[in-house]
Amino acid sequence: MSSLNPSIYNLPSSPLPTNSHPTSTLDEQQETESLISTLFALLPPPTSDADGQTTSLRKQEHVQFLASTFFKLPGKFVSLDASRPWLVFWTVHSLDLLGVALDQGTKDRVVSTLLKFLSPSGGFAGGPSNSQLPHLLPTYASVCSLAISGHSGPGGGWEDLKDARQGIYDFFMDCKKADGGFVVCKGGEVDVRGTYCLLVVATLLDILTPELLHNVDKFISACQTYEGGFACSQFAFSSPASDEDNLFVRASMAEAHGGYTSCSLNSYFLLSSIPLSTSFPAKIDAEAALRWSVLQQGEAIEGGGFRGRTNKLVDGCYSWWVGGGIPVCEELIKRDKKVGSQGKKSKIEAVDEGDKEEDWVDEIPTPPLFNRVALQEFTLIAAQQDAGGSGGLRDKPGKRPDQYHTCNNLSGLSIAQHSMKHSSSVVSANRVKFDSSKGLPPIIPRSADGGWTSEEERQNARREVWANSLGWVEDESQECVVGGKGNRINTTTPVFNILGLRLKPFINYFYGQQE
Amino acid sequence: MSVATSSYIPLAERNLWNDVKPIAQDDGPNPVVPIMYSEEYRDAMDYFRAIAAAEERSERALELTETIIRMNPAHYTVWQYRMTTLLELKKDLEEELQLMNEFAIQNLKSYQVWHHRLLLLTHISPQDPSFEIEYIHQSLLPDPKNYHTWAYLHWLYSHFYTLGRISEKQWQDELRWCEEMLRVDGRNNSAWGWRWYLRVARPGAETAKDGLKDELNYVLKSIHLIPHNVSAWNYLRGLLRHFKLPLTPLLFAILPYTARPSSTLPEIPQDFDFATPSVPLPNDTPLPVPLALEYLADALIEQGSNAEAGEVFSELSTQYDKMRAGYWEYRRRECVEE
């Protein structure tokens, strides 16, 4: 294990070779290498040094940091006035990871605040719905925050969400474009952040339909770049081809980027859990996505953090965006192989058989696909605000901590500490457990033929989506906490980025399933 | 732009606004993450809510949206209202574009500023978008990796191409501009991404027809100039994968970077006419270059020499790229177990 996850302290601290060719990229890289390696030399390591000094995860400071802005934000935060659900999500999810429980009074305040952001016409806005339009990104942040802080029963927010399902669905359909993209809000931009946020919410609330999903897979697939990572968006050039499914020639709209790769891989995971048709979802190259992702991990001299693009600088927020995508890549590669090994057998048939030979897939141990020790060292040494300061986590030394970087650093730290696998046997067991007689009323599609073609098909989709959403399990034998148990944080769920203990009761509520 | 609270004249005290009844923000009791707004922002938003509720499209509405956007350029609702109002009032959109030029300088990372610009260009719909291309080129100079700007440039060409308004000369000029960006900084991955669009991804790109060999030589020369440049290696692999070409024929062009003992190396064939590494290699080029070893291993798999490929992956895992020890071990197992 350790030889496959070498510590920064056991690796040569070599700078990026200059090749005698200075450019501004090299200048910036050298500056960052110096900044981070200096800090590594200065601070005690996470595991105690000769003098018994250590650098640990300063949980108390981070809780203080989060608490300092949760009930009152100074005026300069006006730039986040249209992102208040994100301020809530970054805080409540970070506290969840740190194992800090909010008192019931505060949870109630979270719920009542978020419900003020719910638009009567469907979807959540970035602030009160009497000020702002609904938007896909705050809709994700609000729904996940309600999963964390709310509950079923009066005042818990989940009943309100239940009543809002059709409205949220209608808002999603309003955002939909013919090429498979979604505008993030009325008149807004189209990119994979919107797709990801929409798919998570539609999955959790049981409001997926064929019309909502039409062409979404092709949109995501077209965002994959030649490097293997994904770009923000794609452009669909009209083509004279008459075949409806190939109406567009598509091109990705920029270089591969960590944030958009996370959104795309997670979207793809959700899509590939839905039995829509044998050609769905359109292919992506998961091996190329994995290669790109692992190449973003920085060298020892930059502390082993992730960068967000080739030849850019490491930044703690990519611990989640890139690191969190790696278990998803692993699962997508496994799915590719399974489909390959079953030849042309359709996915829907494969699902019904629940065949035993699938179980072996869970048994093959894979090596850690990124350096889990180095990423934790980066978080502890380079990403934490200096001890005794404000607390919180940051992009890199010299940058101020903020809620976004705190949440993304901690989410990535969780992925590094805990080995998360998507388990075929758990999914199979979930399928058997699924009670299709339970659930909420089906969504009314926009067009008469936009829904599932039969009740049987709808139930099959619900079962697959629910069973796969709850298929992530931790391989506890592979837990790896640098610096000892005191640094351990809770386990986040890939794809959704909330704790498993939050995901389960929430999704069960909307699918009518028992604990 | 921010005004000291003491000198601020509330909108209620201005004649222009005295017919409007402001609407307060409805946060409910005891909200979490409340922001202590400046008086100016709160006041402007109170009146914005009122005019938005009444769907008022007017000059004063435009002024108000500008005031708010200057304080919070991420306020997507206000942007949306502004755009709709501009269109309904049939305002001069070129004037608005000028205003955006000023905004872009201060808010390079705002999604909304760039999206507003995209909508403006869509509506203005110039016969020749050269002026806008030129503006984007200029704005990339001080910030040559700005993601929004590059995404916008992709859109600009794609959109105006579909309208038939990009001439062959413009495509050629753009490629030259991109090559200049790469000459200045061959490690700028954004510029590599743009090259991919121009040479491979866009409809009508020539690489697929007869330009592929030129393209391969272009990227090989870039590798020879900066052998540790991940951008160039990724571009090379991207080309080979996209055009479903084998890796083996180009192996001679990168073999020196693998630092295999010369006795084990085959002779470069006489008719090999791809760019080969400079002799001597650039200073500060420690060998082997990890991505050259990866290339070698993948070429060996292609040749059916999986065991040898496995050994190369093992070298990467245990010696030359230990940061990714687990990944290279995964690659090793994949090729020896299949």
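Which domains does the domain assignment give for chain B? I looked them up and found domain 1 at 1-91 and domain 2 at 93-205. I note at the outset that the model is predicted.

I then took the centres of domain 1 of chain B and domain 2 of chain B over C-alpha atoms; 32 Å separate them. The contact between these domains draws on eight residues from domain 1 of chain B and 10 residues from domain 2 of chain B. On the domain 1 side I sorted the touching residues by class and got seven nonpolar, no polar and one charged.

Next entry: chain B against chain A. I found 70 residues of chain B and 78 residues of chain A in the contact. The helices of chain B that each supply at least two residues to its side are α1 (39-53), α3 (76-88), α5 (111-124), α7 (147-162), α9 (189-201), α11 (230-242) and α15 (325-337). The largest share, seven residues, comes from α7(B). By class I list 34 nonpolar, 25 polar and 11 charged residues on the chain B side.

Last entry: chain B overall. I count 15 helices and zero strands in chain B. Its radius of gyration is 28 Å, well over the 20 Å from the globule rule for 338 residues, so chain B is more spread out than a compact globule. Along the principal axes, I have the C-alpha trace of chain B spanning about 90 × 50 × 40 Å.

I also looked up burial: 43% of the 338 residues in chain B are buried. Of the contacts in chain B between residues at least 6 apart in sequence, 59% join residues at least 24 apart.

Methods:
Residues numbered from 1 in each chain as written. Chains lettered and ligands numbered in written order. Predicted model: local features only at pLDDT ≥ 70, side-chain atom pairs only at ≥ 80, totals over all residues. Domains from an automatic or database assignment. Contact = placed C-beta atoms within 7 Å. Nonpolar A, V, L, I, M, F, W, Y, C, P; charged D, E, K, R; others polar. Helix = DSSP H or I, 4+ residues; strand = E, 2+ residues; numbered from the N terminus. Rg over C-alpha atoms; globule rule 2.2 N^0.38 Å. Buried ≥ 20, exposed ≤ 12 C-beta atoms within 10 Å, placed from the backbone.
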